[in-house]
Amino acid sequence: MAPQKLSSFFLIFFVLLQSLSSADSQAFIGVNCGQVADNLPPPAETVKLIQSTSIQKVRLYGADPAIIKALANTGIGIVIGASNGDIPALAADPNFAGQWVNNNILAYYPASKIIVVNVGNEVVTSGDQNLIPQLLPAMQNVQNALNAASLGGRIKVSTVHAMSILSQSDPPSSGLFSPVFGDSLKALLQFHKENGSPLMINPYPFFAYQSDPRPETLAFCLFQPNAGRVDSGNGIKYMNMFDAQVDAVRSALNAWGFKEIQIVVAETGWPYKGDPNEVGPSMDNAKAYNGNLINHLRSMVGTPLMPGISVDTYIFALYDEDLKPGPGSERSFGLFKPDLSTTYDAGLSKNSQVRTIICHPTSFENMFEPKTENKFQGHKENICFQSNDNRF
(Lines give C-alpha, C1' and ligand atoms only; values in the text may rest on other atoms or scores of the structure.)
Protein backbone atom coordinates (compact mmCIF):
# COMPACT_ATOMS: atom_id res chain seq x y z
CA MET A 1 0.00 0.00 0.00
CA ALA A 2 1.39 3.42 -0.98
CA PRO A 3 2.19 5.91 1.84
CA GLN A 4 -0.73 8.16 0.81
CA LYS A 5 -3.11 5.19 0.82
CA LEU A 6 -1.72 4.02 4.14
CA SER A 7 -2.28 7.45 5.68
CA SER A 8 -5.85 7.54 4.38
CA PHE A 9 -6.39 4.01 5.67
CA PHE A 10 -5.46 4.95 9.23
CA LEU A 11 -7.48 8.17 9.09
CA ILE A 12 -10.65 6.33 8.05
CA PHE A 13 -9.98 3.51 10.50
CA PHE A 14 -9.59 6.05 13.32
CA VAL A 15 -12.88 7.73 12.42
CA LEU A 16 -14.69 4.39 12.39
CA LEU A 17 -13.12 3.38 15.68
CA GLN A 18 -14.22 6.64 17.24
CA SER A 19 -17.75 5.98 16.02
CA LEU A 20 -17.72 2.66 17.81
CA SER A 21 -16.40 4.28 20.97
CA SER A 22 -19.34 6.63 21.32
CA ALA A 23 -22.06 5.97 23.89
CA ASP A 24 -24.58 5.45 21.12
CA SER A 25 -22.64 2.43 19.90
CA GLN A 26 -23.98 0.57 22.93
CA ALA A 27 -27.48 2.04 22.72
CA PHE A 28 -29.02 -1.37 22.07
CA ILE A 29 -28.16 -2.68 25.55
CA GLY A 30 -30.81 -2.04 28.20
CA VAL A 31 -31.91 -3.51 31.49
CA ASN A 32 -35.20 -4.12 33.27
CA CYS A 33 -35.62 -2.56 36.68
CA GLY A 34 -38.45 -4.18 38.63
CA GLN A 35 -39.75 -3.02 41.99
CA VAL A 36 -41.33 -6.15 43.52
CA ALA A 37 -38.82 -6.17 46.37
CA ASP A 38 -38.30 -4.75 49.85
CA ASN A 39 -34.50 -4.48 49.84
CA LEU A 40 -33.66 -2.28 46.82
CA PRO A 41 -31.06 0.49 47.11
CA PRO A 42 -32.08 4.15 46.80
CA PRO A 43 -32.73 5.34 43.22
CA ALA A 44 -29.68 7.64 43.23
CA GLU A 45 -27.39 4.68 44.00
CA THR A 46 -29.07 2.62 41.32
CA VAL A 47 -28.46 5.34 38.75
CA LYS A 48 -24.78 5.58 39.71
CA LEU A 49 -24.53 1.83 39.30
CA ILE A 50 -26.10 1.96 35.83
CA GLN A 51 -23.77 4.80 34.83
CA SER A 52 -20.78 2.61 35.74
CA THR A 53 -21.89 0.10 33.11
CA SER A 54 -22.43 0.09 29.35
CA ILE A 55 -26.21 0.02 29.87
CA GLN A 56 -27.81 2.86 27.91
CA LYS A 57 -31.50 2.22 28.55
CA VAL A 58 -33.69 1.25 31.49
CA ARG A 59 -37.14 -0.28 31.35
CA LEU A 60 -39.47 0.39 34.27
CA TYR A 61 -42.69 -1.57 34.72
CA GLY A 62 -44.46 1.50 36.01
CA ALA A 63 -43.64 5.19 36.20
CA ASP A 64 -41.91 5.50 39.56
CA PRO A 65 -41.21 9.23 40.00
CA ALA A 66 -38.16 8.71 42.23
CA ILE A 67 -36.35 6.62 39.62
CA ILE A 68 -37.42 8.83 36.71
CA LYS A 69 -36.14 11.91 38.57
CA ALA A 70 -32.87 10.18 39.50
CA LEU A 71 -32.27 9.38 35.83
CA ALA A 72 -32.63 13.03 34.82
CA ASN A 73 -29.72 14.55 32.87
CA THR A 74 -27.94 11.20 32.52
CA GLY A 75 -28.81 10.65 28.86
CA ILE A 76 -30.06 7.16 29.75
CA GLY A 77 -33.17 6.21 27.79
CA ILE A 78 -36.18 5.37 29.94
CA VAL A 79 -39.08 3.05 29.09
CA ILE A 80 -42.04 3.60 31.42
CA GLY A 81 -45.22 1.60 31.78
CA ALA A 82 -48.90 2.09 32.36
CA SER A 83 -50.19 -0.84 34.38
CA ASN A 84 -52.81 -3.30 33.15
CA GLY A 85 -55.07 -1.80 35.79
CA ASP A 86 -54.81 1.63 34.14
CA ILE A 87 -55.96 0.36 30.75
CA PRO A 88 -59.75 0.65 31.25
CA ALA A 89 -59.51 4.30 32.32
CA LEU A 90 -56.98 5.13 29.59
CA ALA A 91 -59.26 3.54 27.00
CA ALA A 92 -62.48 5.12 28.19
CA ASP A 93 -61.37 8.67 28.90
CA PRO A 94 -59.01 10.75 26.70
CA ASN A 95 -58.79 13.28 29.53
CA PHE A 96 -57.49 10.58 31.87
CA ALA A 97 -54.87 9.67 29.25
CA GLY A 98 -53.91 13.33 28.96
CA GLN A 99 -53.54 13.65 32.71
CA TRP A 100 -51.52 10.42 32.84
CA VAL A 101 -49.13 11.83 30.24
CA ASN A 102 -48.93 15.14 32.14
CA ASN A 103 -48.16 13.44 35.45
CA ASN A 104 -45.80 10.72 34.25
CA ILE A 105 -44.05 12.25 31.24
CA LEU A 106 -44.37 16.02 30.92
CA ALA A 107 -43.45 16.48 34.58
CA TYR A 108 -39.98 15.02 33.87
CA TYR A 109 -39.30 15.30 30.15
CA PRO A 110 -36.89 16.16 28.54
CA ALA A 111 -34.45 16.12 31.48
CA SER A 112 -35.47 12.51 31.99
CA LYS A 113 -35.09 10.89 28.58
CA ILE A 114 -38.35 8.96 28.29
CA ILE A 115 -38.36 7.13 24.95
CA VAL A 116 -41.19 4.57 25.11
CA VAL A 117 -44.46 4.18 27.00
CA ASN A 118 -45.63 0.59 27.36
CA VAL A 119 -49.37 0.38 27.87
CA GLY A 120 -49.84 -2.88 29.74
CA ASN A 121 -47.73 -6.00 29.94
CA GLU A 122 -48.57 -9.28 28.13
CA VAL A 123 -52.22 -8.26 27.86
CA VAL A 124 -52.99 -10.06 24.60
CA THR A 125 -51.96 -13.44 25.99
CA SER A 126 -53.51 -12.81 29.43
CA GLY A 127 -56.84 -14.36 28.47
CA ASP A 128 -58.69 -11.38 29.95
CA GLN A 129 -61.43 -10.91 27.36
CA ASN A 130 -62.58 -7.69 29.01
CA LEU A 131 -59.12 -6.11 28.98
CA ILE A 132 -57.85 -7.18 25.55
CA PRO A 133 -60.29 -5.08 23.46
CA GLN A 134 -59.47 -2.02 25.60
CA LEU A 135 -55.74 -2.20 24.91
CA LEU A 136 -55.73 -0.51 21.50
CA PRO A 137 -58.06 2.37 22.53
CA ALA A 138 -55.82 2.96 25.56
CA MET A 139 -52.71 3.08 23.37
CA GLN A 140 -54.45 5.42 20.92
CA ASN A 141 -55.46 7.82 23.69
CA VAL A 142 -51.93 7.90 25.09
CA GLN A 143 -50.61 8.48 21.57
CA ASN A 144 -53.08 11.32 21.04
CA ALA A 145 -52.06 12.90 24.33
CA LEU A 146 -48.41 12.75 23.29
CA ASN A 147 -49.29 14.22 19.91
CA ALA A 148 -51.12 17.09 21.63
CA ALA A 149 -47.94 17.77 23.60
CA SER A 150 -45.86 17.68 20.37
CA LEU A 151 -44.07 14.55 21.57
CA GLY A 152 -45.70 12.02 19.25
CA GLY A 153 -42.58 11.66 17.13
CA ARG A 154 -40.18 11.51 20.05
CA ILE A 155 -41.83 9.14 22.52
CA LYS A 156 -43.23 5.89 21.16
CA VAL A 157 -46.26 4.01 22.46
CA SER A 158 -46.17 0.23 22.60
CA THR A 159 -47.13 -2.78 24.70
CA VAL A 160 -45.22 -5.94 25.63
CA HIS A 161 -46.02 -9.45 24.41
CA ALA A 162 -45.07 -12.94 25.51
CA MET A 163 -43.69 -15.27 22.84
CA SER A 164 -46.96 -17.17 23.08
CA ILE A 165 -48.49 -14.67 20.66
CA LEU A 166 -46.92 -17.01 18.10
CA SER A 167 -48.72 -20.20 17.15
CA GLN A 168 -45.64 -21.43 15.31
CA SER A 169 -41.96 -20.59 15.72
CA ASP A 170 -39.96 -23.65 14.67
CA PRO A 171 -38.33 -23.32 12.23
CA PRO A 172 -38.00 -19.53 12.45
CA SER A 173 -39.02 -19.02 8.82
CA SER A 174 -42.42 -20.54 9.64
CA GLY A 175 -43.14 -18.04 12.42
CA LEU A 176 -46.82 -17.14 12.57
CA PHE A 177 -49.00 -15.17 14.96
CA SER A 178 -51.71 -17.20 16.61
CA PRO A 179 -55.07 -16.90 14.85
CA VAL A 180 -56.64 -16.75 18.32
CA PHE A 181 -55.37 -13.16 18.57
CA GLY A 182 -55.89 -12.38 14.89
CA ASP A 183 -58.09 -9.28 14.71
CA SER A 184 -56.86 -7.71 17.95
CA LEU A 185 -53.22 -8.26 17.10
CA LYS A 186 -53.56 -7.04 13.51
CA ALA A 187 -55.11 -3.82 14.76
CA LEU A 188 -52.23 -3.35 17.21
CA LEU A 189 -49.69 -3.96 14.47
CA GLN A 190 -51.42 -1.42 12.26
CA PHE A 191 -51.06 1.06 15.13
CA HIS A 192 -47.31 0.32 15.28
CA LYS A 193 -47.01 0.77 11.52
CA GLU A 194 -48.84 4.09 11.50
CA ASN A 195 -46.93 5.50 14.47
CA GLY A 196 -43.48 4.04 13.84
CA SER A 197 -43.45 2.27 17.19
CA PRO A 198 -41.78 -1.08 17.94
CA LEU A 199 -43.25 -4.50 18.62
CA MET A 200 -41.91 -5.44 22.05
CA ILE A 201 -41.49 -9.12 22.89
CA ASN A 202 -40.15 -11.34 25.70
CA PRO A 203 -38.04 -14.19 24.26
CA TYR A 204 -36.54 -16.50 26.88
CA PRO A 205 -34.24 -19.29 25.67
CA PHE A 206 -34.25 -20.37 29.33
CA PHE A 207 -37.83 -21.56 28.99
CA ALA A 208 -37.05 -23.23 25.68
CA TYR A 209 -34.33 -25.23 27.41
CA GLN A 210 -36.65 -26.18 30.24
CA SER A 211 -39.00 -27.75 27.71
CA ASP A 212 -36.13 -29.60 25.98
CA PRO A 213 -33.36 -30.17 28.56
CA ARG A 214 -30.78 -31.85 26.36
CA PRO A 215 -27.06 -30.86 26.44
CA GLU A 216 -27.14 -29.77 22.80
CA THR A 217 -30.17 -27.58 23.50
CA LEU A 218 -28.39 -25.96 26.43
CA ALA A 219 -25.38 -25.11 24.26
CA PHE A 220 -27.70 -23.71 21.58
CA CYS A 221 -29.48 -21.56 24.19
CA LEU A 222 -26.27 -20.29 25.80
CA PHE A 223 -24.53 -19.20 22.56
CA GLN A 224 -21.96 -21.92 23.18
CA PRO A 225 -20.32 -24.09 20.48
CA ASN A 226 -22.91 -26.40 18.95
CA ALA A 227 -23.78 -28.06 15.65
CA GLY A 228 -26.43 -25.45 14.86
CA ARG A 229 -29.96 -26.01 13.60
CA VAL A 230 -30.88 -25.69 9.96
CA ASP A 231 -34.13 -23.92 9.12
CA SER A 232 -35.84 -26.35 6.74
CA GLY A 233 -37.77 -23.47 5.19
CA ASN A 234 -34.84 -21.42 3.93
CA GLY A 235 -31.69 -23.44 4.62
CA ILE A 236 -30.29 -20.94 7.13
CA LYS A 237 -28.29 -22.49 9.95
CA TYR A 238 -29.05 -20.96 13.35
CA MET A 239 -26.34 -21.11 15.97
CA ASN A 240 -28.32 -19.84 18.96
CA MET A 241 -31.88 -19.83 20.27
CA PHE A 242 -32.08 -16.06 20.75
CA ASP A 243 -31.68 -15.40 17.03
CA ALA A 244 -34.13 -18.18 16.22
CA GLN A 245 -36.80 -16.76 18.52
CA VAL A 246 -36.38 -13.17 17.32
CA ASP A 247 -36.42 -14.25 13.67
CA ALA A 248 -39.59 -16.26 14.26
CA VAL A 249 -41.25 -12.98 15.25
CA ARG A 250 -39.70 -11.29 12.22
CA SER A 251 -41.17 -14.01 9.99
CA ALA A 252 -44.58 -13.61 11.61
CA LEU A 253 -44.51 -9.85 11.01
CA ASN A 254 -43.45 -10.35 7.40
CA ALA A 255 -46.15 -12.96 6.82
CA TRP A 256 -48.81 -10.44 7.84
CA GLY A 257 -47.30 -7.68 5.72
CA PHE A 258 -45.69 -5.65 8.51
CA LYS A 259 -42.10 -5.75 7.32
CA GLU A 260 -41.39 -2.18 8.44
CA ILE A 261 -42.16 -2.73 12.12
CA GLN A 262 -39.05 -2.94 14.28
CA ILE A 263 -38.67 -5.53 17.01
CA VAL A 264 -37.48 -4.69 20.52
CA VAL A 265 -36.64 -7.38 23.06
CA ALA A 266 -38.37 -6.08 26.18
CA GLU A 267 -37.12 -8.93 28.38
CA THR A 268 -34.66 -11.77 28.20
CA GLY A 269 -32.43 -13.31 30.83
CA TRP A 270 -31.39 -16.41 32.73
CA PRO A 271 -31.73 -17.16 36.46
CA TYR A 272 -28.59 -17.93 38.45
CA LYS A 273 -30.41 -20.21 40.90
CA GLY A 274 -33.78 -21.87 41.36
CA ASP A 275 -35.66 -24.58 43.20
CA PRO A 276 -34.15 -28.10 43.29
CA ASN A 277 -36.68 -29.37 40.76
CA GLU A 278 -36.00 -26.62 38.22
CA VAL A 279 -33.93 -27.41 35.15
CA GLY A 280 -31.40 -24.85 33.98
CA PRO A 281 -30.86 -22.22 36.69
CA SER A 282 -27.21 -21.91 37.71
CA MET A 283 -24.55 -19.24 38.12
CA ASP A 284 -22.54 -20.66 35.21
CA ASN A 285 -25.54 -20.77 32.88
CA ALA A 286 -26.66 -17.25 33.76
CA LYS A 287 -23.18 -15.85 33.24
CA ALA A 288 -22.83 -17.70 29.94
CA TYR A 289 -26.21 -16.59 28.59
CA ASN A 290 -26.06 -12.92 29.51
CA GLY A 291 -22.35 -12.55 28.81
CA ASN A 292 -22.56 -14.22 25.42
CA LEU A 293 -25.76 -12.35 24.58
CA ILE A 294 -24.06 -9.02 25.28
CA ASN A 295 -21.08 -10.00 23.12
CA HIS A 296 -23.46 -11.12 20.39
CA LEU A 297 -25.24 -7.77 20.46
CA ARG A 298 -21.96 -5.85 20.44
CA SER A 299 -20.73 -7.77 17.42
CA MET A 300 -23.49 -6.07 15.39
CA VAL A 301 -23.83 -9.26 13.36
CA GLY A 302 -27.60 -9.18 13.91
CA THR A 303 -29.81 -12.17 13.21
CA PRO A 304 -29.95 -14.13 9.94
CA LEU A 305 -33.14 -12.33 8.88
CA MET A 306 -31.95 -8.95 10.19
CA PRO A 307 -28.20 -8.88 9.49
CA GLY A 308 -25.94 -6.03 10.46
CA ILE A 309 -28.15 -4.62 13.21
CA SER A 310 -28.48 -5.44 16.89
CA VAL A 311 -32.04 -5.55 18.13
CA ASP A 312 -32.57 -3.30 21.14
CA THR A 313 -32.51 -5.72 24.07
CA TYR A 314 -33.46 -5.19 27.71
CA ILE A 315 -31.89 -7.79 29.99
CA PHE A 316 -33.94 -9.08 32.90
CA ALA A 317 -33.03 -7.84 35.43
CA LEU A 318 -30.94 -5.27 37.24
CA TYR A 319 -31.77 -6.69 40.70
CA ASP A 320 -33.51 -9.72 42.14
CA GLU A 321 -37.09 -9.09 43.19
CA ASP A 322 -37.42 -10.95 46.47
CA LEU A 323 -41.20 -10.53 46.78
CA LYS A 324 -42.14 -12.10 43.46
CA PRO A 325 -44.27 -15.24 43.69
CA GLY A 326 -43.61 -18.49 41.87
CA PRO A 327 -40.56 -20.79 41.70
CA GLY A 328 -37.21 -19.75 43.11
CA SER A 329 -35.89 -18.80 39.68
CA GLU A 330 -38.40 -15.93 39.53
CA ARG A 331 -36.48 -14.22 42.33
CA SER A 332 -33.01 -14.94 40.94
CA PHE A 333 -32.48 -13.05 37.69
CA GLY A 334 -30.57 -10.08 39.15
CA LEU A 335 -27.31 -8.98 37.57
CA PHE A 336 -26.50 -7.03 40.72
CA LYS A 337 -27.16 -7.44 44.44
CA PRO A 338 -28.88 -4.85 46.63
CA ASP A 339 -25.44 -3.86 47.99
CA LEU A 340 -24.53 -2.94 44.36
CA SER A 341 -21.99 -5.74 43.97
CA THR A 342 -22.21 -7.97 40.91
CA THR A 343 -23.99 -11.30 41.15
CA TYR A 344 -21.58 -12.45 38.42
CA ASP A 345 -19.57 -10.70 35.73
CA ALA A 346 -21.67 -10.46 32.57
CA GLY A 347 -19.26 -8.06 30.90
CA LEU A 348 -21.32 -4.91 31.48
CA SER A 349 -18.57 -2.88 33.11
CA LYS A 350 -17.35 -0.04 30.92
CA ASN A 351 -13.84 -1.36 31.47
CA SER A 352 -14.81 -4.79 30.10
CA GLN A 353 -16.45 -3.66 26.88
CA VAL A 354 -15.30 -5.64 23.87
CA ARG A 355 -16.14 -4.27 20.46
CA THR A 356 -15.82 -6.39 17.36
CA ILE A 357 -14.84 -4.66 14.13
CA ILE A 358 -15.41 -6.84 11.06
CA CYS A 359 -14.19 -5.56 7.71
CA HIS A 360 -13.54 -7.28 4.42
CA PRO A 361 -9.78 -7.92 4.24
CA THR A 362 -9.46 -5.81 1.09
CA SER A 363 -12.13 -3.22 1.81
CA PHE A 364 -9.80 -0.30 2.53
CA GLU A 365 -7.48 -1.19 -0.32
CA ASN A 366 -10.47 -1.28 -2.67
CA MET A 367 -11.70 2.06 -1.40
CA PHE A 368 -8.81 3.82 -3.12
CA GLU A 369 -9.16 2.06 -6.46
CA PRO A 370 -10.85 4.06 -9.24
CA LYS A 371 -14.67 3.93 -9.32
CA THR A 372 -15.05 1.76 -6.24
CA GLU A 373 -17.55 3.88 -4.31
CA ASN A 374 -20.50 1.70 -5.24
CA LYS A 375 -18.57 -1.44 -4.41
CA PHE A 376 -17.86 -0.16 -0.90
CA GLN A 377 -21.44 0.90 -0.33
CA GLY A 378 -22.98 -2.20 -1.81
CA HIS A 379 -21.18 -4.89 0.18
CA LYS A 380 -22.04 -5.31 3.83
CA GLU A 381 -18.74 -7.02 4.52
CA ASN A 382 -17.00 -3.73 3.74
CA ILE A 383 -18.97 -1.75 6.30
CA CYS A 384 -17.17 -1.54 9.62
CA PHE A 385 -19.84 0.08 11.76
CA GLN A 386 -23.59 0.42 11.98
CA SER A 387 -25.39 3.62 12.89
CA ASN A 388 -27.95 3.38 15.67
CA ASP A 389 -29.87 6.53 14.70
CA ASN A 390 -33.65 6.39 14.93
CA ARG A 391 -33.53 3.38 17.21
CA PHE A 392 -35.78 2.85 20.23
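## Barrel and strand pairing

M200 stands opposite V264 in β11. That strand, residues 263-268, runs parallel to β8 (residues 199-202), and three bridges join the two. Strands here are DSSP E runs of at least two residues and helices are H or I runs of at least four, both numbered from the N terminus; two strands pair if DSSP finds at least two bridges between them. Strands of a sheet pair through backbone hydrogen bonds, either parallel or antiparallel.

The model is predicted: local features need pLDDT of at least 70 and side-chain atom pairs pLDDT 80 or more, while totals for chains, interfaces and linings use all residues. Residues are numbered from 1 along each chain as its sequence is written, and side-chain values use heavy atoms, without hydrogens or water.

With parallel pairing, eight strands form a closed barrel in the order β1-β2-β3-β4-β5-β8-β11-β14. From one strand to the next, the twist averages 25 degrees.

## Helices on the sheet

Helix α6 (residues 132-148) packs on the sheet and touches β4 (114-121) and β5 (156-162), its direction making about 155 degrees with that of β5. Contact means heavy atoms within 4.5 Å. Angles run from 0 to 180 degrees between N-to-C directions, with axes fitted to C-alpha atoms, for helices over the stretch in contact.

α11 also packs on the sheet, where it touches β1 (29-33), β11 and β14 (313-315); its direction makes about 160 degrees with that of β14.

## Pocket and cavities

The largest pocket holds about 710 Å³ of space. On a 1 Å grid over the protein atoms alone, a pocket is an open set of points with protein on both sides within 12 Å along at least five of seven lines, a cavity is a set where a 1.4 Å probe fits but cannot get out, and lining residues have an atom within 4 Å of a point. Grid points are joined across faces, edges and corners, and a volume is the space filled by probe spheres set on them.

Of the 32 residues lining this pocket, M163, N202, Y204, F207 and Q245 lie nearest its centre. α10 gives the most to the lining, with three residues.

There are two cavities of 30 Å³ or more. About 60 Å³ lies in the largest, whose lining includes F242, D243 and H296.

## A loop residue

M239 is in the loop between β10 (237-238) and α10. Its C-alpha atom is separated by 7.1 Å from that of F223, 16 residues apart along the chain. Leaving aside neighbours within four places in sequence, M239 is in contact with F220, N226, A227 and G228.
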